[in-house]
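Let's take a walk through a protein model together, one piece at a time. Have the picture open beside you as you read.

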Amino acid sequence: YNEYKSYLRDMVNTYALKKTLLGLWSPYFVLNALAASLHPILRWTPGVCQLFSDSCQLDFYECEIYFFVICVVVIKNRKAVSIESYLSTLFMFAKGASLILFYKMDVKLSLWYLILCIVLLVAVKPPIFDESSEMKYFMDESLPQTLREDKDTTWVVEFYTTFSPECNALKPVFAALSREYTHEYMKFGKCDVLKAYGVPEMYGISSSSLKTDIPAIVIFEGGKPAARIKQRMNGKAYVMSYKNLKRDLLIQEFYNRALETAKTKKKNKKEKKTK
């Protein structure tokens with residue numbers, strides 16, 4: 001329990017709480033929250049609940065289903081890396097449970113609820129997380145060339161695929177890191193492993209769907225890999241939370257060196273001008 005409590009506290013303190021809470025007010029989260037809680041709302045609303053049952057209280061079977069959902073969500077979210085991914089998992093299982101319970105109440109009602117969930121899935125897209133305005137996307141084989149031409153800059157590059165749930169869960173965390181640590185001499189980028197053919201393998205990252213390297217984050221200093229984190233490290237799943245990445249990738253140390261580089265460059269320019 002204490003470990004889980006600490007994990008939730010770390011998620012809340014991961015990045016600017018105001019930005020996170022504002023993001024949760026997006027149509028995607030609000031509408032999915034309403035859809036996920038539609039069954040208990042109808043069951044507890046006086047005047048409506050009588051249409052489905054003699055009592056406005058959940059029966060034993062319904063309580064059993066919701067208790068099962070709570071257990072599954074807690075287990076599934078042990079390695080969640082953000083509040084957004086935590087809620088997405090919660091909504092998915094809650095809507096699944098609601099569909100089963102609506103079917104128990106009325107088959108037609110369950111069909112209407114299924115249509116509602118499909119419409120939400122198609123029409124309401126997840127929010128786009130604010131990244132650094134200088135985020136660079138490597139959609140081809142240009143990453144090695146960029147590293148060769150810009151050796152003074154430290155690059156933090158995420159290797160990802162668009163269809164991976166783990167990569168999608170990492171989006172708000174990587175976006176938060178880029179907002180906080182982007183600098184003239186420390187930049188962030190994202191490399192699509194399916195479009196940049198052969199590039200991930202150059203840096204020890206497998207793009208094969210049979211392996212679990214993706215998502216992976218590599219920090220390049222002087223054009224060479226200086227730190228690396230993969231989805232699985234030493235045979236174990238790695239939790240890519242803001243706190244873990246910042247600590248294990250030594251983000252702050254690289255940022256401090258980028259600041260020193262900027263000072264040195266500025267000092268050298270002044271000395272050239274005086275000469």
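Predicted model: local features only at pLDDT ≥ 70, side-chain atom pairs only at ≥ 80, totals over all residues.

Let's begin with the whole chain. The protein chain has 275 residues, and 41% of them count as buried. Its secondary structure comes to 12 helices and seven strands. If you take the contacts between residues at least 6 apart in sequence, 67% of them join residues at least 24 apart.

Now find strand 4 (residues 216-221) and strand 5 (residues 224-230). These two pair in the antiparallel sense, over six bridges. Together they make a hairpin with two residues between the strands, and Gly222 in the turn has a positive phi of about 65°. Look at Glu221 too: its bridge partner in strand 5 is Lys224.

Glu221 has another link to show you. Side chains of opposite charge can pair when their charged atoms come close. Here, Arg257 forms a salt bridge with Glu221, with 2.9 Å between the closest N and O atoms. Arg257 sits in helix 12 (residues 251-274) and Glu221 in strand 4, so this pair ties together parts that are 36 residues apart in sequence. How covered up are the two? Arg257 has a relative accessible area of 39%, so it is partly exposed, and Glu221, at 29%, is partly exposed as well.

How many salt bridges does a search of the whole structure find? The count is six. One of them joins the side chains of Glu158 and Lys190, at 3.6 Å from N to O. Because Glu158 lies in strand 2 (residues 154-160) and Lys190 in strand 3 (residues 186-192), this pair ties together parts that are 32 residues apart in sequence. Glu158 and Lys190 are both buried. Arg247 and Asp248 form a salt bridge too, their closest N and O atoms being 2.9 Å apart. Arg247 is partly exposed at 47% relative accessibility, and Asp248 is partly exposed at 34%.

Next come the aromatic rings. A pair of rings is described by the distance of the centres and the angle of the planes. The structure has seven aromatic pairs. In one of them, the rings of Phe174 and Phe188 have centres 5.6 Å apart and planes at 70°, so the pair is edge-to-face. Phe174 belongs to helix 9 (residues 165-181) and Phe188 to strand 3, so the pair ties together parts 14 residues apart in sequence. Phe174 is buried, with a relative accessible area of 1%, and Phe188 is buried at 1% too.

Another edge-to-face pair is Tyr203 with Phe220, 4.8 Å centre to centre and with 75° between the planes. Tyr203 is in the loop between helix 10 and strand 4, while Phe220 is in strand 4. Phe220 is buried, with a relative accessible area of 0%, and Tyr203 counts as buried at 9%. Ring pairs link Phe159, Tyr203 and Phe220 into a cluster.

Finally, turn to the surface. A nonpolar patch there has about 710 Å² of accessible area, and its members include Tyr103, Leu111 and Val122. Helix 7 (residues 107-123) gives the most to this patch, with six residues. Val122 is in helix 7 and is exposed, with a relative accessible area of 57%.

How values were computed: Residues numbered from 1 in each chain as written. Heavy atoms only, no water. Helix = DSSP H or I, 4+ residues; strand = E, 2+ residues; numbered from the N terminus. Buried < 20%, exposed > 50% of the residue type's maximum accessible area, 1.4 Å probe, protein only. Contact = heavy atoms within 4.5 Å. Pairing = 2+ DSSP bridges. Salt bridge = Lys/Arg side-chain N within 4 Å of Asp/Glu carboxyl O. Patch = residues over 30% accessible without salt bridge, like charges linked within 9 Å, V, L, I, M, F, W, Y side chains within 5 Å. Areas by Shrake-Rupley, 256 points an atom, 1.4 Å probe, with all protein chains shown as cover. Phe/Tyr/Trp six-rings, centres within 6.5 Å; stacked < 30°, edge-to-face > 60°.
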